[in-house]
Amino acid sequence: FHLTMVHFKRHLGPEYMSFWDGYQFKDSAEERLFLDRRRPRNIQATQLWGIITLVQLASVAFYVGYRQRPLSLHLASLPYMVTCLSCLILVTFVPWTKKHVAVVASIAVIFMSGCAIFSARLHITEGVERYMEELAPALGNNTAALQKLEQFVLHSVSKDIVSSHMDGSWFYIILLIYIGFSRSMLLATILIPIIMIAMALLLTPTSSMGSMLIRTVTWGAVALLAIPLSINLSLTRRAEFVMERRFKADLEEAVDAGRKADSILNHTLKNTMSEAAGEIELCLESPDVEEKAGHLQRSLFSLQRGMRSCHARQAYLHLSAGRYTLLLRPVQLSVFTRGYAAGRNLRCTTEDFTVLMDATLCGLIVDNAINNAFKHGHPDNPDVTFTTSTTRLGPGQPNRMLVTFCVENVASPIRPTITPDYVAAVLSGTATSTSAGAAVP
């Protein structure tokens, strides 16, 4: 039991309630989802237990009738049948009790254990009378012998009957273990051994009470092991539920991140492919060989940018999922800027330094900035410029510098003015497409 508690506290953490509360989730919504998931299986287990118990009672009633035993033995099974049928009806047809199947099953097994005292008393009385009717005539009127015989028969019959009822109680314990740990299960598991001990005290003769009581207490101690077993099973189910929920959430997050990454890639490829297609069309229409070569070369650069974007899809995926980790590597600025300026009609100015930066993330931003500069700039002559500059941070940081990428264009006369307030609104996520201001020439 102690090892189970240590294992639980080590692996499940503080999001669960206390032992007395059945280690329920502190989050009521999550606890409700867990119970809704477990409820059908617990109902099925309780129904199976009830059906098997009824079949067993029916076979006992058939045997009693076949052997022409007294009516009192039929009455011994009546409380069992009433309790079992009531439990089946409640967990099958009543919506409220179906939601509290653990409580109903716990109450049912407590009543069934109580019925064992009534049933065992009737069976012991009938067994002693039957054996005495068979054996007493052989002893005649020997009173002392009859008393010893009666004591022996009472000892043997009570021992067998009480033991058989205790063995039958294991079926109740198994049901409680399967349903899972809860406050009602805990109370039922404690009460069943107490009822069995009370049955041994009430129905066992004084001469054999000591040995029978030791056996009953031992049985009760073993039965109490159902508590840690039920706790372990319940915690395993809850851990599986949490893992499944987390896996499902991670899967949904991965699918959503993949969708966003594909959207980013699709947007980038659409721009690069349209540039490549445009250059190829100009190549086909141009009669000059040198112009054809220039168009094909720019088309090749666009396709290379597209392939570079495809290779960076994994980075887009982590970026969309919010799990992106910066990967700083030495990058030569002149090579980096030429890679994104090649094949485009823009003016590029850069400084030839080698700096530590994330080329994938910076490339995504720069590529989109250049594409937007052409797409949303002046329709006739956007006059895009791409400038890279560096500024040392200060004497206290001699090996660190600020790298600035600047993309500028000529504004389109039909688009609204971008004001500082509009930029702040965009960064805060409150901007709309018409909030930038009036159009300017």
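This is a predicted model: local features need pLDDT of at least 70, side-chain atom pairs count only at pLDDT 80 or more; totals for chains, interfaces and linings use all residues.

**Stop 1**

Select phenylalanine 405. Its relative accessibility is 25%, so it counts as partly exposed. Phenylalanine 336 sits in helix H13 and phenylalanine 405 in strand S5 (residues 401-408), so their pairing ties together parts 69 residues apart in sequence.

**Stop 1: helix H13**

Stay here and colour residues 333-341, which make up H13. Which residues of this helix are buried? They are Leu333, Ser334, Phe336, Thr337, Tyr340 and Ala341. Look down the axis of H13 and you'll find the buried residues within an arc of 165°, so they line one face of the helix. Just after H13, click glycine 343, which has a positive phi of about 80°.

Another positive phi is waiting at aspartate 383, about 50° this time, although this residue is not a glycine. You'll find aspartate 383 in the loop between helix H14 (359-376) and strand S4 (385-392). With a relative accessible area of 34%, aspartate 383 is partly exposed.

**Stop 2: salt bridges**

Side chains of opposite charge can pair when their charged atoms come close. How many salt bridges does a search of the whole structure find? The count is eleven.

Start with arginine 183 and aspartate 21, whose closest N and O atoms are 2.9 Å apart. This pair links distant parts of the chain: arginine 183 is in helix H8 (residues 183-203), while aspartate 21 is in the loop between helix H1 (2-12) and helix H2 (28-66), 162 residues away.

Next, select glutamate 244 and arginine 37, which meet in a salt bridge at 2.9 Å, N to O. Glutamate 244 belongs to helix H10 and arginine 37 to helix H2, so the pair ties together parts 207 residues apart in sequence.

Then try glutamate 279 with arginine 298, where the closest N and O atoms are 3.3 Å apart. Here the link runs from helix H10 to helix H11 (residues 289-311), and the two residues are 19 apart. Is glutamate 279 buried or partly exposed? It is buried, because its relative accessible area is 14%. Arginine 298, at 29%, is partly exposed.

One more selection: Asp256, Arg259 and Lys260 are linked in a network of salt bridges.

**Stop 3**

Leucine 224 lies in the loop between helix H9 (209-223) and helix H10 (226-285), and counts as partly exposed at 36% relative accessibility.

**Stop 4: helix H6 and a buried valine**

Select residues 143-168 to see H6, a helix of 26 residues that reaches 37 Å from first C-alpha to last, close to the expected 38 Å. Its buried residues include Leu149, Val153 and Val157.

Finish at valine 109 in helix H5 (residues 101-135). Valine 109 counts as buried, at 0% relative accessibility. From valine 109 to phenylalanine 171 is 9.3 Å, C-alpha to C-alpha, though they are 62 residues apart in sequence.

Definitions and conventions. Residues are numbered from 1 along each chain as its sequence is written. Side-chain values use heavy atoms; hydrogens and water are left out. Helices (H or I, at least four residues) and strands (E, at least two) are DSSP runs, numbered from the N terminus. Buried means under 20% relative accessible area, exposed over 50%, partly exposed in between (1.4 Å probe, protein chains only). The expected span of a helix is 1.5 Å times one less than its number of residues. The arc is that of the directions from the helix axis to the C-beta atoms. A salt bridge is a side-chain nitrogen of Lys or Arg within 4 Å of a carboxyl oxygen of Asp or Glu.
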